[in-house]
Amino acid sequence: FTDEQLTDFRARAIPIPIGVARDAQVLTNEARFDVPITLISTTFTRTQIDQYIAAGESYFAEVVQIKDATIVELPTSHWPQFTKPDELARAILDALD
């Protein structure tokens, strides 16, 4: 973040309940694997994701079960809507086509 981006972020940030970030999700409907996804990865490269999947990393366990998963690299860190908004918008629009 630039200083200006960080100031803007702090002005717009809204705290969330900690449980949203830390509590386990319980997913039971197997139909979720039939829903196409586009994973826009801002932290990991595709190569790293493939390595984590091959190593059995639980963070990516569901990705391999999804029948139509597209992974897009957008190397920008955690907040692409602030640091690369045009590229993020393009990736989302491309996923919708």
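Biologist: Which residue does R46 form a salt bridge with?
Modeller: R46 pairs with D50, and their closest N and O atoms are 3.0 Å apart. Keep in mind that this is a predicted model, so every distance I quote is computed from it.

Biologist: Got it. How far apart are R46 and D50 in helix α3?
Modeller: They sit four residues apart in helix α3, which covers residues 46–54, so about one helical turn separates them.

Biologist: Nice. How many salt bridges does the count come to?
Modeller: The count comes to five. One of them joins the side chains of R12 and D8, at 2.7 Å from N to O.

Biologist: Where are R12 and D8 placed?
Modeller: Both are in helix α1, residues 3–12. They are four residues apart there, so about one helical turn lies between them. D8 is partly exposed, because its relative accessibility is 33%.

Biologist: Okay, what about D94? Which residue is its salt-bridge partner?
Modeller: That would be R90, with the closest N and O atoms 3.1 Å apart. D94 and R90 both belong to helix α5, and they too are four residues apart, about one turn of the helix.

Biologist: Why do those two count as partly exposed?
Modeller: D94 gets that label because its relative accessible area is 44%. For R90 the relative accessibility is 46%, so R90 is partly exposed too.

Biologist: Is L93 buried, partly exposed or exposed?
Modeller: L93 has 43% relative accessibility, so it counts as partly exposed.

Biologist: Switching topic! How much space lies in the largest pocket?
Modeller: About 560 Å³. The pocket is lined by 16 residues, and the closest to its centre are L39, I40, S41, Y59 and F60.

Biologist: Which strand gives the most to that lining?
Modeller: Strand β1, residues 37–41, does, with four residues.

Biologist: What's the lining like by class?
Modeller: The lining has nine nonpolar residues, six polar ones and one charged one.

Biologist: Last topic, the loop between α2 and β1. Where does E30 stand on exposure, buried or exposed?
Modeller: E30 is in that loop, and its relative accessibility is 53%, so it counts as exposed. The cut-off matters here, because exposed means over 50%.

Biologist: And A31?
Modeller: A31 is found in the loop between α2, residues 18–22, and β1. Its relative accessible area is 39%, so A31 is partly exposed.

Methods:
Residues are numbered from 1 along each chain as its sequence is written. This is a predicted model: local features need pLDDT of at least 70, side-chain atom pairs count only at pLDDT 80 or more; totals for chains, interfaces and linings use all residues. Side-chain values use heavy atoms; hydrogens and water are left out. On a 1 Å grid over the protein atoms alone, a cavity is a set of points where a 1.4 Å probe fits but cannot get out, and a pocket is an open set with protein on both sides within 12 Å along at least five of seven lines; lining residues have an atom within 4 Å of a point. Grid points are joined across faces, edges and corners, and a volume is the space filled by probe spheres set on the points. Helices (H or I, at least four residues) and strands (E, at least two) are DSSP runs, numbered from the N terminus. Ala, Val, Leu, Ile, Met, Phe, Trp, Tyr, Cys and Pro count as nonpolar, Asp, Glu, Lys and Arg as charged, and the others, Gly among them, as polar. Buried means under 20% relative accessible area, exposed over 50%, partly exposed in between (1.4 Å probe, protein chains only). A salt bridge is a side-chain nitrogen of Lys or Arg within 4 Å of a carboxyl oxygen of Asp or Glu.
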